[in-house]
Amino acid sequence: MTRFEKLSTKADQLSGPGFEEFHRALAKYNGPRLDPGASSLSWRDELKEEADAAFAESLYIEAVRSELAPLVADAPEDADAFIDWYEALESNGPGQNDPLFSWLEHDASAEQMKWFLLQEVAGEAGFEDLLALTQVKMSTRPKLEMARNYWDEMGRGRESGMHGMLLDRLSHHLGLSPRPEEIVPVSLALGNTMVALSRHRRYAYQSIGALGVIEMTAPARADCVNKGLKRLGIPSKKRLYFAVHAVLDVKHSEEWNREVLRPLVQEDPTRARPIAEGAVIRLWHGQRCFERYRQELGCNARRQAA
């Protein structure tokens, strides 16, 4: 019996010790899971564990879909109406305008900012890889836009401009080296969820909704973090990851909604519901992270929200 076969009884829990145990195990497994490898004599055991992990993470995704169903019940299938509904998530979606980010900008100490970034780095599943997995077999117009987005993520062919490298540069400067055991479970769950949505083709449209909502809602938060890092004396080259996303993602979001979401829903209106689900699933996990971060950091959210 593999570890995930044992954990499958806890995989659909949304909180509590079982939730923590499952997501810590899955985060450790997801680390090497997508790494290029070589064939081995233990491939049968590896394949069995992969199947058990896939089943367990799907149990979790289905539990989250059920929990959040009321939030997407009114998502329209008309393309124009759907885009309006989707774009409204920027202001009324779960976790939006959380006071944590104003506090990070104005009040967080260097150690508090480092703790926050440690959690965020751990929950970062690699946008470019998630995007590459998601775009497989998509129709031409959405695929082309996802390709343009991917090219930007890859620094337009320059290693120094790759977004993942920019985040690594900041992490190295701050001495961040996250390990699953020191990361809050909700942050691990966020990263695990993004991997699950992108890997399983039955969740491809949920992944599109989730990736698009990241582009749409990240700029304001990234701007706050960038200003907070500047206040704390972090050099501009080291905080470029957040400076870039505060600006570039605005353009990415506009193009994603126009070139990916709209044509997909126009082609097949039944895609609106899973795209909406993916967006809300990503925002809901983010909201849970922000609430847990504020609890840990003891930030004066009430004063910042006033």
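## A guided tour of the model

Start by selecting Leu-100: setting aside neighbours within four places in sequence, Leu-100 is in contact with Phe-116, Phe-290, Tyr-293, Arg-294, Leu-297 and Cys-299 (contact means heavy atoms within 4.5 Å). What you have open is a predicted model, where local features need pLDDT of at least 70, side-chain atom pairs count only at pLDDT 80 or more, and totals for chains, interfaces and linings use all residues. Residues are numbered from 1 along each chain as its sequence is written, and side-chain values use heavy atoms, with hydrogens and water left out.

Together with Leu-100, they touch the most other members of the largest nonpolar core, which has 90 residues. Such a core is a set of buried Ala, Val, Leu, Ile, Met, Phe, Trp, Tyr and Cys residues joined through side-chain atoms within 4.5 Å. Now colour helix 13 (residues 272-297), which gives the most to this core, with 12 residues. Helices here are DSSP runs (H or I, at least four residues), numbered from the N terminus.

Move on to helix 6 (residues 110-123) and helix 9 (residues 163-174). How far apart are their axes? The axes are 11 Å apart, and the two helices pack at an angle of about 140 degrees. Axes are lines fitted to C-alpha atoms over the stretch in contact, and angles run from 0 to 180 degrees between N-to-C directions. That angle makes helix 6 oblique to helix 9 (under 35 degrees counts as roughly parallel, over 145 as roughly antiparallel, 65 to 115 as roughly perpendicular and the rest as oblique). To see the contact, select Lys-114, Leu-117 and Val-121 of helix 6, then Leu-167, Leu-170, Ser-171 and Leu-174 of helix 9.

Now find His-23, in helix 2 (residues 16-33). Is His-23 buried or exposed? His-23 counts as buried, at 0% relative accessibility (buried means under 20% relative accessible area, exposed over 50%, partly exposed in between, with a 1.4 Å probe and protein chains only). Show its surroundings too: not counting residues up to four places away in sequence, His-23 touches Tyr-60, Pro-185, Leu-188, Ala-189 and Asn-192.

Finish with two loop residues. Asn-97 lies between helix 4 (79-92) and helix 5 (100-106); Asn-97 is exposed, with a relative accessible area of 66%, and has a positive phi of about 60 degrees although it is not a glycine. Arg-156 sits in the loop between helix 8 (140-153) and helix 9. Arg-156 is not a glycine, yet has a positive phi of about 50 degrees, and is exposed at 53% relative accessible area.
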